[in-house]
Amino acid sequence: MDLFRQAILRPGPPEDFALLTVQEAIKPQKQTKLVQDENQLLENILRSLLQELVAAAVQSGQKIMTYGVSIVEGESSQGQIPRLLDIVLYLCEKEHVEGGMIFQLLEDLTEMSTMRNCEDVFGYIESKQDILGKPELFARGKLVMLRTCNQLLRRLSKVNDVVFCGRIIMFLAHFFPLSERSAVNIKGVFNTSNETKYETEVPEGISIDFNFYRTLWSLQEYFCNPPSLTNAPGKWHKFTSSLTVVLNTFEAQPLSDEEGNAHNLEDDAATFNIKYLTSSKLMGLELKDPSFRRHVLVQCLILFDYLKAPGKSEKELPSEAMEEEIKTSEERVKKLLEMTPPKGIDFLHSIEHILERERNWVWWKRDGCPPFEKQPVEKKLVQDGIKKRRPRWRLGNKELSQLWRWSDQYPNALTDTQRVCTPAITDYWKPLADDMDESAGIEAEYHHKNNRVYCWKGLRFSARQDLEGFSRFTEHGIEGVVPLELLPTAVRARYQAKPSERTKRTKKEETKNSAQQAEENQIATPPSEIDNEVGRADPEASVTPMDTDARIATVNISQEETPTPEDNQKQSSDTDGAQEAGQTEAGTEAETGMIDGETDAEVDLDTVG
């Protein structure tokens with residue numbers, strides 16, 4: 001112990017003498033690392049020395065972290081206790097001693113110190129946070145550090161020591177990783193011990209509505225324990241009725257911009273207390289305070305957000321009636337927050353953003369707190385331990401480089417006439433025809449119709465070489481484009497056109513061709529020849545309606561001596577009408593057409609005579 005007393009008084013960094021002091025005091029079996037028994041012996045020595053230094057500091061009336069400070073040539077030296085802690089921290093960091101020793105000394109130091117001294121001790125812990133958080137030390141001492149901080153939080157007052165409590169919580173948030181389950185409220189347990197006491201009997205000489213006073217502060221019971229609302233329906237009805245009274249009062253007494261600007265929120269933050277006073281005499285002033293209104297309204301949003309949170313059991317889920325009431329009340333609360341000055345809309349957006357992040361945390365906890373950190377992907381090495389080197393291509397990839405190399409070997413490759421070779425349509429669709437043969441037993445996932453490039457090329461070939469097969473694509477898909485001669489008999493029947501449809505198509509084409517032929521003949525024949533033909537015509541001959549109409553028009557034209565251009569134009573229009581009539585009547589029976597033709601011809605000829 002005397003050796004360490006002398007060591008903490010020596011100037012210079014700890015690495016100059018720390019290991020040498022341990023070797024002289026313990027005389028370990030190994031020169032640079034202590035075994036288990038030697039670590040235990042050294043820990044007992046250091047804890048005893050720390051206890052003596054704390055007792056000496058208390059007797060002298062000095063703060064423990066500044067005890068033993070001396071001023072030499074205008075420079076102040078470090079206190080003895082921080083000096084001892086630096087020596088032990090260096091030994092733990094270099095793994096000369098057991099890594100949890102420094103955490104044990106810090107726990108002893110906080111237990112032996114008053115709350116005023118604990119604030120200085122915690123300041124030392126915060127300054128060494130980066131070293132204490134190293135993996136080799138954190139794994140050994142994280143539970144001791146968590147226990148130390150929790151003991152400090154129990155000793156501190158949540159009303160008077162708010163800043164110190166916040167420092168401890170912020171340190172734990174930075175010291176422990178996000179995925180550390182010990183720092184997470186997995187079950188979502190609420191602090192029901194935080195009770196809000198208020199007056200239950202009407203005091204004398206007050207000018208406020210005492211029923212409203214009790215209704216307002218009774219809401220804190222439900223805000224403290226939200227799960228109680230879903231377990232007991234009677235509590236929910238009582239809560240909604242009380243909340244309706246409070247919201248109606250807030251709406252009836254809106255705050256003006258002057259009242260909102262009269263309260264400087266930045267000044268209030270400097271003297272902020274965790275809870276409001278519940279005296280009935282302050283009720284009138286609190287109703288005019290925008291911070292107080294926001295406090296109550298934000299509590300309502302937090303409660304509603306908890307009730308709507310997904311992932312609960314069926315017993316904890318709200319009913320449909322509750323969901324409607326929650327939605328209605330939530331809209332009213334948000335509207336009141338927008339109306340509360342100053343900057344009500346901006347304040348509401350900030351609260352909604354915070355609640356959205358809180359919902360993400362709830363999901364993360366209910367998924368089992370998976371780690372956020374992702375391990376780096378290990379690069380694969382070759383068997384001999386040499387890192388595999390990726391090939392480098394001259395033009396960026398293998399295909400372009402190979403094409404460039406071929407240009408030197410085959411300079412006439414692009415000008416060769418046989419370079420472009422389009423396959424025959426039967427050869428190209430042969431693989432797909434084999435897939436369509438059920439006797440081949442080829443599975444559907446291996447069919448060529450699943451290859452988009454193959455189908456696209458085949459459609460282009462069919463559009464150039466086989467229009468009939470290409471037209472079947474709209475009705476039968478890609479399999480209908482395959483030439484029928486390649487398909488088996490059983491499969492071919494599915495894609496062949498029906499005889500009735502083929503006959504109709506043939507008749508329609510023949511009718512169209514005959515109409516076109518008649519039009520060409522009519523245009524090419526002179527009027528004089530038409531007169532001779534009419535004189536030789538046999539009225540009993542079988543003619544089609546189209547021919548009869550054409551001859552009627554010709555006879556009418558021949559009655560005039562000299563046709564004018566207008567007459568020629570009329571003749572052309574009459575001929576077109578006759579052609580259309582002929583096309584329309586082509587589908588009727590042949591015998592009926594003959595009778596109509598004879599009748600019309602006789603009437604016109606009699607007129608001419």
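Below is a short chat about a predicted model.

Biologist: What should I keep in mind about the model and its numbering?

Modeller: It is a predicted model in which local features need pLDDT of at least 70 and side-chain atom pairs count only at pLDDT 80 or more, while totals for chains, interfaces and linings use all residues. Residues are numbered from 1 along each chain as its sequence is written, and side-chain values use heavy atoms, with hydrogens and water left out.

Biologist: How many disulfides are there?

Modeller: The count comes to zero, where a disulfide is a pair of cysteine sulfur atoms within 2.5 Å.

Biologist: And Cys 165, is that buried or exposed?

Modeller: Cys 165 is buried, at a relative accessible area of 11%, and Cys 455 is buried too, at 10%; buried means under 20% relative accessible area, exposed over 50%, and partly exposed in between, with a 1.4 Å probe and protein chains only.

Biologist: Switching topic, which peptide bond is cis?

Modeller: The bond from Pro 341 to Pro 342 is cis, with omega near -5°, and Pro 342 sits in the loop between H17 and helix H18 (344-366); helices are DSSP runs (H or I, at least four residues), and strands (E) have at least two, numbered from the N terminus.

Biologist: What about Lys 343?

Modeller: Lys 343 is in the loop between H17 and H18, has a positive phi of about 55° although it is not a glycine, and counts as exposed at 66% relative accessibility.

Biologist: Where is Glu 95?

Modeller: Glu 95 lies in the loop between helix H4 (80-93) and helix H5 (101-111), its phi is positive, near 65°, and it is partly exposed at 44%.
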